[in-house]
Amino acid sequence: MERLVKKFEQRYRRARCHLATWSDLQSRLLKQFSNAASILDRLPVLGEVENYGILKEVKSMAQVLPASQIESFEKILSSIHSTLGEMEIISKSLEKLWSDGTQLLKSEKPTRQQAQQWLGAQPSLNVCIDGLHSLYTMHHDEYLLKVAIVKALSYNSRSEDMAALQSVLSDQPNIPPDEVQHIFDVIAAGDVW
Amino acid sequence: MSGGRSVHRLWRPAAQRQVRNAWAMLHAHRSAWTTSSVALVSSATALVNASLSLRYLQSMDLGVLEEMDGIRNKVQVKLQRQQEGFLEQLLASYSGLVTALNLMLQTSKSMRTYIKGSGDGPIIEFSNEPSVAGDNGDGAGVPVFATLPLCAFEMLADEVVAMYEAELKVKWLLVSELYSIVYPEAKVNLSQEGLENFCKSEMEFRDTTEEKTSLLTGLPNLVAKSDFWNMSWSQVIELTKKRPNGELHRDTLQVYLTTLLAEVNIDKNRIEDITVMVNDETNGVVPSSPTRISKAI
């Protein structure tokens with residue numbers, strides 16, 4: 001059984017890499033979202049010719065500027081979607097780690113007692129599986145939440161709403177950091193990875 | 001050209017090198033522009049923020065600090081000094097832009113390769129300066145690489161440079177507006193800040209190449225993003241004198257900052273297209289060329 005736990009350790013190492021990628025993607029997403037939100041924020045101001053000051057003298061400006069901002073908004077939106085796509089890949093990889101773990105357990109056919117047994121500080125096989133499963137569900141739910149938030153970005157969004165959405169986006173309510181840390185602590189069982 | 005076939009044959013490698021180098025330089029100057037432009041936006045933002053704080057200082061609730069003697073005055077003096085610092089940075093970035101554009105302009109005019117000397121002897125030399133009568137430096141219009149003659153490369157470069165020039169005009173207007181925030185009564189004196197000199201030298205450069213610009217103004221609807229494309233520098237300077245009196249509304253400042261940021265006159269997609277076109281031409285077709293700058297461009 002110890003051998004199996006070692007195999008799970010490898011999976012957790014891989015999961016940790018995925019989580020690191022996720023947090024890179026998360027900061028990229030936040031940046032993109034705040035850029036998009038600030039464009040949406042200033043579009044109403046840019047739509048008023050009265051606000052153009054000295055640029056009023058140059059007529060084309062009041063048409064070209066909002067147009068260019070809309071263009072960059074659309075560009076940012078498409079890069080947001082590609083970031084989301086990468087996050088989906090991470091959530092899928094975590095799912096695969098979990099389902100592979102389940103397969104592994106099935107093929108070895110440990111007894112129920114073996115599956116529940118802790119060997120010293122080493123966690124039981126069930127704990128290993130559960131940890132992978134929660135990592136997967138956390139990130140999957142968070143991904144779905146992010147997709148929903150991004151859908152709410154539109155030309156009609158109000159700036160207060162966007163600020164609220166942005167804070168939800170950065171909070172990642174589905175991925176409590178201390179729980180993630182706890183999962184890894186249990187697996188590492190005091191070792192430093 | 002008088003030298004006959006062999007001169008032609010030898011002209012092409014020299015010209016190819018020249019064209020490749022010129023485009024590499026052009027892109028280098030473009031990234032220098034970008035650096036200055038980013039710096040310009042950030043100092044403009046800082047300047048606007050400082051001036052807005054200054055504006056709302058009198059109505060600001062300072063809480064417990066109200067007790068302190070002359071606190072508002074001190075804050076005011078400090079903010080004013082900060083403003084001046086930001087303005088200085090702003091002007092420095094602007095002159096960085098002018099330098100970058102000047103270099104771009106020079107580069108776009110340095111694509112031709114002229115034959116030096118008579119071209120009759122065993123050694124044929126080339127130069128950047130015309131020396132033989134009747135030699136236009138374009139190899140009598142033959143394709144430099146596979147298809148495009150030299151004037152096509154020049155036109156493409158001109159198109160890119162014209163975008164940046166139009167953008168420089170917009171930025172000039174906005175810089176003069178921001179200047180007037182800090183020194184409201186000195187608005188006309190902006191020209192004495194040394195920027196005018198840059199501007200003049202640039203205009204002179206333009207004047208000597210007047211025919212080239214007229215080629216471009218022939219197709220404004222195709223490429224122009226805004227009216228700045230067709231405006232002369234004197235028209236732009238005339239515009240700065242027209243500025244409405246009174247404080248700028250904060251929404252207007254927002255528009256200004258967005259304009260500085262967006263660089264609407266620089267059509268990135270078009271530049272990308274041009275770059276690809278030039279790269280394909282300079283790299284794809286002549287595989288055995290000595291100097292390859294393929295990826296650098």
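At 37% relative accessibility, A:K56 counts as partly exposed, where buried means under 20% relative accessible area, exposed over 50%, and partly exposed in between (1.4 Å probe, protein chains only). The side chain of A:K56 meets that of A:E50 in a salt bridge, with N to O at 3.7 Å; a salt bridge is a side-chain nitrogen of Lys or Arg within 4 Å of a carboxyl oxygen of Asp or Glu. A:E50 itself counts as exposed, because its relative accessibility is 58%. The model is predicted, so local features need pLDDT of at least 70 and side-chain atom pairs count only at pLDDT 80 or more, while totals for chains, interfaces and linings use all residues. Residues are numbered from 1 along each chain as its sequence is written, chains are lettered from A and ligands numbered from 1 in the order in which they are written, and side-chain values use heavy atoms, with hydrogens and water left out.

Side chains of opposite charge can pair when their charged atoms come close. Over all chains, a search of the whole structure finds 14 salt bridges. One of them joins A:E88 and A:K92, whose closest N and O atoms are 3.2 Å apart. These two residues are separated by about one helical turn, because A:E88 and A:K92 stand four residues apart in helix α2 of chain A. Helices (H or I, at least four residues) and strands (E, at least two) are DSSP runs, numbered from the N terminus. A:E88 has a relative accessible area of 29% and is therefore partly exposed; A:K92, at 47%, also counts as partly exposed.

A further salt bridge links A:E142 with A:K146, and here the closest N and O atoms are 3.0 Å apart. Both residues belong to helix α4 (residues 125-151) of chain A, with four residues, or about one turn of the helix, between them. A:E142 and A:K146 are both buried.

A:Q26 is part of helix α1 of chain A. Its relative accessible area is 6%, so A:Q26 is buried. Apart from neighbours within four places in sequence, A:Q26 is in contact (heavy atoms within 4.5 Å) with A:M87, A:K146, A:L169, A:S170 and A:Q172.

Chain B contains nine helices and two strands. Its elements follow the order α-α-β-β-α-α-α-α-α-α-α from the N terminus on. Of the 297 residues in chain B, 48% are buried. Among contacts in chain B with a separation of 6 or more, 81% come from residues 24 or more positions apart. B:E247 is placed in the loop between α7 (233-241) and α8 (250-262) of chain B, and counts as exposed at 64% relative accessibility. The C-alpha atom of B:E247 is separated by 9.6 Å from that of B:R55, although the two residues are 192 residues apart along the chain.

A pair of aromatic rings is described by the distance of the centres and the angle of the planes. Rings of Phe, Tyr and Trp (its six-membered ring) pair if their centres lie within 6.5 Å; planes under 30 degrees apart count as stacked, over 60 as edge-to-face and the rest as tilted. By this rule, there are seven aromatic pairs over all chains. The pair B:W33 and B:Y164 is edge-to-face, because the ring centres are 4.9 Å apart and the planes are at 80°. B:W33 lies in helix α1 (residues 5-56) of chain B and B:Y164 in helix α3 (residues 150-182) of chain B, so the pair ties together parts that are 131 residues apart in sequence. Both B:W33 and B:Y164 are buried. The rings of B:Y179 and B:Y183 form a tilted pair, because their centres are 5.4 Å apart and their planes are at 55°. B:Y179 counts as buried at 6% relative accessibility, whereas B:Y183 is partly exposed with a relative accessible area of 29%.
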